[in-house]
Amino acid sequence: MNLKEEYQKIIAEFIEATKSGKLNWKKQNPTTVFIETISNTDKAIISLQKVVVRGGTTVVRTGVQRVVRRETQVNFVFTVKNATSNELVIQIDTGTDPTFKERLAELFNACEFNTEKKNMDFLKGIISGLGDKTD
Amino acid sequence: MNETNEILKGISELNTPFWERFDFWLFLLLSIASLIASIQAFREAKAARKAANNAGQTVKIQTITIELSEIIQKLDKLELKIEFSQARDFYSEVNRRIKRLTAPFKGDDEYKEVISEIAETLEELKASLAEVRPIENGEGQSPVENSVYFAVEKHFSELGGQLAELMGYFEKRTLKKD
């Protein structure tokens, strides 16, 4: 098994752990999720960012006419950082390595679902608490 | 008799048409020469005024080019750990300066295409920035340090390229006038 396949396998495990709710992803901003965890004695920060590049331009010349095509690209950046030593452990950017795009998109969707579900549960808790108080 | 002849001679001299007189042609030639000189002077003054206007425009365009190159240099120095508030302030400054510099040329056929592309990139940059606006979670500094950089880096890079293209068009214009 080469290194890429190993990473793919690790990401698949992250997807499973996220779907089962074992990983507690937090949102830093609308397109970035992260978890802070302890690996051996070091603190690790694992993050995933969805990067939307709108309007990447491609200039095409048809005869004398200059046609500018603006395309939207979606990339994902997966980063694992040792926060204790401030070292970057791994960084996968699908803009430079598209082979990880499908898996990281699945992980991002799972994270979004995970955080939305957590928020929804919190909201439901408030509503049910209101019901108890009014009774 | 002699007196009569002299009177007749005088009368005959008075009856000579003016175009047959030497002094008429002399004055006519002098008048034409002065008219030609006046026209020439007017043309030269007009050409001098046009040259002064062109020189003024060239100086203005050179000033704009210098300012554009300053913006490009700033765009190139985007920090990897840039925070959202810094990126937002930087965007506001760049957006304001570019809009001011390009506004006079928006309708100009030579530049309108690239200026419209620049405006689109600025709008896209604004949208990308909104996507990394921090969610307040009371935890102070953002744990993921590069998220803003990843969101805006490609747009800033593209903007730098478009501004360089605009500078090229401006330089072409000054070269033409030289």
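**Ground rules.** I number residues from 1 along each chain as its sequence is written, with chains lettered from A and ligands numbered from 1 in the order in which they are written. As this is a predicted model, local features need pLDDT of at least 70 and side-chain atom pairs count only at pLDDT 80 or more, while totals for chains, interfaces and linings use all residues.

**Chain B, overall.** I started with the secondary structure of chain B and found five helices and zero strands. Helices here are DSSP runs of H or I with at least four residues, strands are runs of E with at least two, and both are numbered from the N terminus. Along the sequence the pattern reads α-α-α-α-α. Is chain B spread out or a compact globule? Its radius of gyration is 36 Å, well over the 16 Å that the globule rule gives for 178 residues, so chain B is more spread out than a compact globule. (That radius is taken over C-alpha atoms, and the rule is 2.2 Å times the number of residues to the power 0.38.) I also looked up the box that the C-alpha atoms of chain B fill along the principal axes: roughly 135 × 25 × 25 Å.

Next I checked burial. A residue is buried if 20 or more other C-beta atoms lie within 10 Å of its own, exposed if 12 or fewer, and partly exposed in between, with C-beta atoms placed from the backbone. By that count, 17% of the 178 residues of chain B are buried. For contacts (C-beta atoms, placed from the backbone, within 7 Å), I took pairs in chain B at least 6 apart in sequence, and 81% of them join residues at least 24 apart.

Helix H1 of chain B, residues 2-14, has 13 residues and reaches 19 Å from its first C-alpha to its last, close to the 18 Å expected. The expected span is 1.5 Å times one less than the number of residues. Then I went to B:Gln57, which sits in helix H2 (residues 22-76) of chain B. B:Gln57 counts as partly exposed because it has 13 C-beta neighbours inside 10 Å. From B:Gln57 to B:Ile135 is 78 residues along the chain and 48 Å between C-alpha atoms.

**Where the chains touch.** The contact takes 20 residues from chain B and 21 residues from chain A. Which helix gives the most to the side of chain B that touches chain A? H4(B) does, with six residues. I sorted that side of chain B by class and got eight nonpolar, five polar and seven charged residues. (Nonpolar means Ala, Val, Leu, Ile, Met, Phe, Trp, Tyr, Cys and Pro; charged means Asp, Glu, Lys and Arg; the others, Gly among them, are polar.)

**The core.** A nonpolar core is a set of buried Ala, Val, Leu, Ile, Met, Phe, Trp, Tyr and Cys residues joined through C-beta atoms within 7 Å. The largest one has 36 residues, and those with the most contacts inside it are A:Leu48, A:Leu104, A:Leu107 and A:Cys111. H5(B) gives the most to this core, with nine residues. Leaving out residues up to four places away in sequence, I saw that A:Leu104 touches A:Ile11, A:Leu48, A:Phe76, A:Phe78 and A:Thr94.

**Around chain A.** Helix H1 of chain A (residues 3-19) has 17 residues and reaches 24 Å, close to the 24 Å expected. A:Gly21 follows H1(A), and its phi is positive, near 80°. Further on, S1(A) and S2(A) form a hairpin with two residues between them. These strands run antiparallel and are joined by three bridges; pairing needs at least two bridges found by DSSP. A:Asn29 stands opposite A:Thr32 in S2(A).

Last, I picked two more residues. A:Asn119 lies in helix H2 of chain A and counts as exposed because it has 11 C-beta neighbours inside 10 Å. A:Asn119 is twelve residues from A:Leu107 in sequence and 18 Å from it in space, C-alpha to C-alpha. A:Glu87 lies in strand S5 (residues 87-93) of chain A. Buried or exposed, I wondered of A:Glu87? A:Glu87 is exposed, with 10 other C-beta atoms within 10 Å. A:Glu87 and A:Ala44 are 43 residues apart in sequence, yet 9.6 Å apart in space, C-alpha to C-alpha.

How values were computed. Two residues are in contact if their C-beta atoms, placed from the backbone, lie within 7 Å.
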